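Here's a quick walk through one part of a fold, strand by strand and helix by helix. Keep the viewer open and follow along.

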Amino acid sequence: HSLPQSLLGSSPALKRNHSDSLDPDAFQPLEQDENKENVSVNDEEMPSDVSSLWTAPLVMRRADSRAKRCCLFGSSSMSSIAGRTTQKRMERSQEENSPGKSKKRKSLPGTSEDSTVGGSASRLVNCWMLCCHPRDSQLEFSQSCLFQTYLFDTVDGKHQDLKYIDSEMMVSVLTGKFESFIKQCVIIDCRYPYEYEGGHIKGAINLHMEEEVENFLLKKPIQPSENKRVIVVFHCEFSSERGPRMCRFVREQDRLSNEYPNLHYPELYVLKGGYKDFFSRCQSFCEPQSYRPMHHKDFKEDLKRFRTKSRTWAGEKSKREMYSRLKKL
């Protein structure tokens, strides 16, 4: 409504839409000559630049600009490639949806998806070693190699960087189903001594301090035989903090004491659910057949004492590490 009455009918846009929102009597279509006369008359009242904006025809360039953009990137070769790609996708989808084709890839009998992926990774590593390191072409990836395939079937756990096994796999180890592949399976119970005494897995060793684990496993490493492995399984009450932390500690110290990619213990596992879950499922494999939680009301003083001891040792360890770093500088 701020425009002069003489200019309201001169815009082509208003001419197209005047029937929708404007009074048809107030805005009548103007002929080309009348439009020019109106423009010339109003040139005196307003600048020519402004008047030209109102009288210029409005052109919709949206479709044209899209066509131009398509022409910039489109060519006969590109269109043919796109057509072939679309055709391949359609053929592939038809093959997948056909009754004779299964959607999931079936692995060979006796192998799992994890082992298939691990085997592919190991083959890629071997090819890379042969191509990039011809001098080491005769290097054999033994048990101490980082890329060795894991023996046990693993399950998902809380910490993605660690390998977890369930209670059923632990029972299979205890019953000797892996005797032909394992020389020794060391079960490290990372709980406090009063928890261990209240019930533990048969054959498990109670080592709740990092210093104890280091002395037991790394001072004099357990050597595997020619065709048998040495496997270590860690757990605590829930396998949530203490067990995974001890597993990481052994791996870090093992790497520091060996030249990459060799390791004393390439297969480290964490028992998912810890002793609490194992006891509820496989009570007959525990001795004594009982379960004592860490926060037992009768062992509050023991809990406080062991926690203080662990924190003191951890503080001294950090000081020793800092001192060794300063010596290297």
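Strand β6 (268-271) has both faces covered: Leu268 and Val270 are buried on one side, Tyr269 and Leu271 on the other. In a regular strand the side chains alternate between the two faces of the sheet. Buried here means under 20% relative accessible area, exposed over 50%, partly exposed in between, with a 1.4 Å probe and protein chains only. Helices (H or I, at least four residues) and strands (E, at least two) are DSSP runs, numbered from the N terminus.

A word on the source: this is a predicted model, where local features need pLDDT of at least 70, side-chain atom pairs count only at pLDDT 80 or more, and totals for chains, interfaces and linings use all residues. Residues are numbered from 1 along each chain as its sequence is written, and side-chain values use heavy atoms, with hydrogens and water left out.

Now the neighbours of β6. Strand β1 runs parallel to β6, joined by 2 bridges, with Tyr164 opposite Val270. β5 is parallel to β6 too, through 3 bridges, and Val233 has Tyr269 as its bridge partner. Strands pair if DSSP finds at least two bridges between them.

Next, helix α7 (residues 167-174): 6 of its 8 residues are buried, so the helix is largely enclosed by the rest of the structure. Among the buried ones are Met169, Met170 and Val171. Their cover includes β1, β2, β5, β6 and α11, contact meaning heavy atoms within 4.5 Å. Just after α7, Gly176 takes a positive phi of about 85°.
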